[in-house]
Amino acid sequence: MASPPLHTTRHKEKTISVTFNHTIIAAKDRDKSAKFFRDLLEVPAAPSWGIFSNIQLDQGVLLQFAEPPVEIQMQHYAFLLDDELFDRAYARLTEWGIEHWADPQMKHSNQINNEHGGRGVYFKDPAGHAIELITRPYL
């Protein structure tokens, strides 16, 4: 019997495509982080439970914010936005006084980049994670 193609998964005898479903993002204040991303990315509140404050992105992707009992290690999260939402999100970053950069090395302060045929910006979220907003995917 041949193995299924690498891009599919068997679940209850049904072949499905692999999609990203959810991740847990460490936060100093889970509600503050969830609200920050809801306001920045213009996404509605999602049901939350237990130790999680949740937001839901397109295609059902769930971001779950939780407060771990350990020091938070910086992670990198990149979000692909359409041009109009990028403009509004960038305006919010500047209005909120959030330091931002055109590059991940944080050398070009208060600028955006024009990489990969689109625009991008880097900044830190309330927990100190490196966040990237882009208007075109890398691939």
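Glu-42 is partly exposed, because its relative accessibility is 36% (buried means under 20% relative accessible area, exposed over 50%, partly exposed in between, with a 1.4 Å probe and protein chains only). The residue sits in the loop between H1 and S4. Helices (H or I, at least four residues) and strands (E, at least two) are DSSP runs, numbered from the N terminus. The model is predicted: local features need pLDDT of at least 70, side-chain atom pairs count only at pLDDT 80 or more, and totals for chains, interfaces and linings use all residues. Residues are numbered from 1 along each chain as its sequence is written, and side-chain values use heavy atoms, with hydrogens and water left out.

The backbone of Glu-42 has a positive phi, near 55°, in a residue other than glycine. Most residues other than glycine have a negative phi. Met-106 is found in the loop between S7 and S8. Met-106 counts as partly exposed because its relative accessibility is 36%.

Glu-42 follows H1. This helix spans residues 30–41 and has twelve residues. From first C-alpha to last, H1 reaches 16 Å, close to the 16 Å expected at 1.5 Å a residue (the expected span is 1.5 Å times one less than the number of residues). At the N-terminal end, Asp-29 caps H1: a side-chain oxygen lies 3.1 Å from the backbone nitrogen of Asp-31.

The buried residues of H1 are Ser-33, Ala-34, Phe-36, Phe-37, Leu-40 and Leu-41. They line one face of the helix, because they fall within an arc of 155° seen down the axis of H1 (the arc is that of the directions from the helix axis to the C-beta atoms). Their cover includes strands S4 (53–56), S5 (62–66) and S6 (76–80), helix H2 (83–95), and strands S8 (120–124) and S9 (130–134).

The largest nonpolar core has 23 residues. Such a core is a set of buried Ala, Val, Leu, Ile, Met, Phe, Trp, Tyr and Cys residues joined through side-chain atoms within 4.5 Å. Phe-79 and Leu-133 touch the most other members. H1, S5, S6, H2, S8 and S9 each give two or more residues to this core. H1 gives the most, with five residues. Not counting residues up to four places away in sequence, Phe-79 touches Phe-37, Leu-41, Leu-57, Leu-63, Ile-131, Glu-132, Leu-133 and Ile-134 (contact means heavy atoms within 4.5 Å).

The whole structure holds six salt bridges (a side-chain nitrogen of Lys or Arg within 4 Å of a carboxyl oxygen of Asp or Glu). One of them joins the side chains of Arg-92 and Glu-42, at 2.4 Å, N to O. This pair links distant parts of the chain, 50 residues apart, with Arg-92 in helix H2 and Glu-42 in the loop between H1 and S4. Arg-92 counts as buried, at 18% relative accessibility.

Arg-119 meets Asp-83 in a salt bridge at 3.4 Å, N to O. Here Arg-119 is in the loop between strand S7 (100–101) and S8, and Asp-83 is in helix H2, 36 residues apart. Asp-83 counts as partly exposed, at 26% relative accessibility. Arg-119 also forms a salt bridge with Asp-87, the closest N and O atoms being 2.7 Å apart. Asp-87 lies in helix H2 and Arg-119 in the loop between S7 and S8, so this pair ties together parts that are 32 residues apart in sequence. Asp-87 counts as partly exposed, at 41% relative accessibility. Salt bridges that share partners join Asp-83, Asp-87, Arg-119 and Arg-136 into one network.

Key: Polar contact = N/O pair within 3.5 Å; in protein donor to acceptor, adjacent residues only side chain to side chain.
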